[in-house]
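Morning, everyone. Please bring up the model on your screens, and I will walk you through it.

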Amino acid sequence: MAEEVKNEVQTAEAQAPKSKSNKKVKRIVNAGEVHIQATFNNTIISVTDKSGGVLSASSAGANGFRGSKKGTAFAAGVAAEKALEIAKKNHALNSVDVYVSGIGLGRDAAVRAISAAGIKIDSIVDVTPIAHGGVRPKGERKP
């Protein structure tokens, strides 16, 4: 009797439809954002949609530059080209808002590479944080 139950369970599993493969659906994003983080040591480019979901990303280090060459303007341009090529091919991106953060050499080169890639730049915003000394520390004031 137990064997019959096992056989019925096995045949039910064999007849069950196989689950569909989780194939990624390509999203069409006409307008997005490009976030450029330019430090002295590296430049990181992230292409996102308007809500912040990353479509593609690249950096100077990911494109084969090593050591002090990662911080150069040329490396930043190559990284921007690579990230935008992927976003354009996979998501049909054609206009972006650019957000630049940091004080590295790759700031201008990355923006120039975006326009050279044939993508319309709607706006460029500098979001580099500025130090102001912080808030007043708690406790008694010192004379």
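First, a term. Helices (H or I, at least four residues) and strands (E, at least two) are DSSP runs, numbered from the N terminus.

A word on the source. This is a predicted model, where local features need pLDDT of at least 70, side-chain atom pairs count only at pLDDT 80 or more, and totals for chains, interfaces and linings use all residues. Residues are numbered from 1 along each chain as its sequence is written, and side-chain values use heavy atoms, with hydrogens and water left out.

Back to A92. Most residues other than glycine have a negative phi. A92 is not a glycine, yet its phi is positive, about 55 degrees. The cut-offs are under 20% for buried, over 50% for exposed, and partly exposed in between (1.4 Å probe, protein chains only).

Now the sheet. It is open, with 5 strands in the order β3-β2-β1-β4-β5, and the pairing is mixed. Two strands pair if DSSP finds at least two bridges between them. The edges are β3 (54-59) and β5 (120-126), each pairing on one side only. β2 (residues 43-49) pairs with β3 in the antiparallel sense over 5 bridges. There, V47 stands opposite S56 in β3.

Next, the helices on the sheet. α2 lies across β1 (31-38), β2 and β3, and runs at about 155 degrees to β3. α3 touches β1, β2, β4 (95-101) and β5. Contact means heavy atoms within 4.5 Å. Axes are lines fitted to C-alpha atoms, for helices over the stretch in contact, and angles run from 0 to 180 degrees between N-to-C directions.

How do the axes of α2 and α3 cross? Helix α2 (residues 73-91) and helix α3 (residues 106-116) have axes that come within 8 Å and cross at roughly 35 degrees. Among the residues that meet are A76 and L84 in α2, and A109 and I114 in α3.

Last, the aromatics. Rings of Phe, Tyr and Trp (its six-membered ring) pair if their centres lie within 6.5 Å; planes under 30 degrees apart count as stacked, over 60 as edge-to-face and the rest as tilted. The count is 1 aromatic pair. Why is the pair of F65 and F74 edge-to-face? Because the planes are at 80 degrees, with the ring centres 5.9 Å apart. F65 is buried at 16%, while F74 is exposed at 60%.
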